[in-house]
Amino acid sequence: MSLTQFETVSQRDRRWHLHSQTNLITHESDGPLIIAQGDGPYVIDSNGNRYLDAMAGLWCASLGFCNPRLTHAASRAYETMGFYHTFSGRSSPAIVAAAEAIGELLPIEDAKIYFATSGSEANETMVKFAWLFHAANGEPQRRKIISRKRSFHGSTIAAASMTGLPHMHREFGLPLAGFIHTEAVDLYHGRLPGESADQYSTRLAQALENLILKEGPETIAAMIAEPVQAGAGILVPPKDYFGKIAKILERYGILLLDDEIVCGFGRTGSWFGCETVGMAPDMMSMAKGLSAGHFPISAVAISPRIYEAIRSISAHGSNLGHGFTNSGHPVGGAIVAETLLVYREMNLPRHTSELGARLFAQLREIADKSPVIGDARGVGMLAGFELVADKHAKRAFAPEVWANARLEQIARDNGLMLRMQGDTITFCPPFILTNQHLDEIQRAFAATLHSFERDVREVAIP
Ligand SMILES: Cc1ncc(COP(=O)(O)O)c(C=O)c1O
């Protein structure tokens, strides 16, 4: 395609397209970055520039951006049946195969799988099922949901309320009443001087219990947590954190909802993040890696005791009052079943833990030499490197340095797509990286940090 045609795409984008999570005013002048094509772990922009996307897009394209197996699965499914639904007991072979393939991997025995289209919808579904569970058990007053500060759980109203980020709340008048937040686990910034990881997690568990007692345990339905807080900058909890949290939740009859939307399907080096961090949830939400980003589909897995409570509603003749037109789309189902088969053939948890360890070691080698990286953390195929202006004081760059935008742009100039989450440079690459790709990421990361260090020195000297 000619350049003119792509410039036209850029103009048309500004004219017609309203973007998610974008500064709308700067977008009017800067315009979009048009990504026109995928090639394994690379994406190619409208000017022909190639980038190794070390974020798998938005934490999702675990098998890269153009996977022939998934393309064929989708095209076969479309040829068979382009749509059907799952209301009133309808089903399709493809969605049954997907539910079965998920169920066989889950750490929850005899789970039931519910389908939706996005991570936000899956998390909203878990909230509604938690309310149903308590109502069916004679405790309809249990409505409150606890989540953690700095967490991301999605953009719909309950999901955004559970999210712990001010810009997701401010102008929207959120969170809704009854959505309350406890502390995030941040070993780098959160610990008191001399506090061990064990003492820290005990203090966090105590803070949770204090919140529960203040709010009234009999009013609280559930707590939602990601095993590793990805969007908060790859916050990996201490080993015993979830064990301590679970004891408190059990004490007060509060359900534990596991947001596996980033962590699920090998991302943390286990099939599910909850297995990596020792969390035993009542429900799990999944999306992103579920279809390797190749279809908008999400799922919720519920344990038998949740199912028992929910099904009791039908004993009074009532349908489950929940559902989306695209809950259980057959093409999505076919893509999920094929994605999970590909993961199995890759020997996934072992593959991602080994590949992730090599990736982290290579990135860490660069980060350790850099004066602007204060902390390095990672698990499986997730890695985070916290950017600091002052290592000793653990101080971030002043806003006028535009450190985040500057770093992302320099990385792009070096052919590397990565993302700043708060002050943390995050990596969440596809699982299909070869040793050459790892070396390429390492070289681009080193070049990015060198240019960034030079740049910010110049900004700091008037
Ligand atoms: C942990 C987590 N939960 C939920 C969501 C929301 O998913 P979606 O954007 O598909 O609604 C995201 C999206 O990034 C996420 O990272």
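**View 1. Residue classes in the lining of the second largest pocket.** In this predicted model, the lining of the second largest pocket comprises 15 nonpolar, 11 polar and 4 charged residues. The lining is made up of 30 residues in total, and Thr86, Ile113, Tyr114, Leu320 and His322 are those nearest the centre of the pocket. The space within the second largest pocket amounts to about 960 Å³.

**View 2. Helices and strands that contribute to the second largest pocket.** At least two lining residues come from each of α5 (93-105), β4 (112-116), α6 (119-136), β10 (298-302) and α11 (304-311). Strand β4 supplies the most, with 4 residues.

**View 3. An open sheet of 4 strands.** The strands follow the order β11-β12-β15-β14, and their pairing is antiparallel. At the edges stand β11 (373-379) and β14 (419-421), each of which pairs on one side only. On average, neighbouring strands of this sheet are turned by 25° against each other, direction ignored.

**View 4. The pairing of β12 with β15.** Strand β12 (residues 382-387) and strand β15 (residues 424-427) run antiparallel and are joined by 4 bridges. Within this pair, Phe385 is found opposite Ile425 in β15.

**View 5. Helices packed on the sheet.** Helix α13 (residues 348-368) lies across β11, β12 and β15, and runs at about 10° to β12. Helix α14 (residues 403-413) also packs on the sheet, where α14 touches β12, β14 and β15. The direction of α14 makes about 155° with that of β14.

How values were computed
Residues numbered from 1 in each chain as written. Predicted model: local features only at pLDDT ≥ 70, side-chain atom pairs only at ≥ 80, totals over all residues. Heavy atoms only, no water. Pairing = 2+ DSSP bridges. Axes fitted to C-alpha atoms, helices over the stretch in contact; angles between N-to-C directions. Contact = heavy atoms within 4.5 Å. 1 Å grid on protein atoms, 1.4 Å probe; cavity = no way out; pocket = protein on both sides within 12 Å on 5 of 7 lines; lining within 4 Å. Points joined across faces, edges and corners; volume = space filled by probe spheres on them. Nonpolar A, V, L, I, M, F, W, Y, C, P; charged D, E, K, R; others polar.
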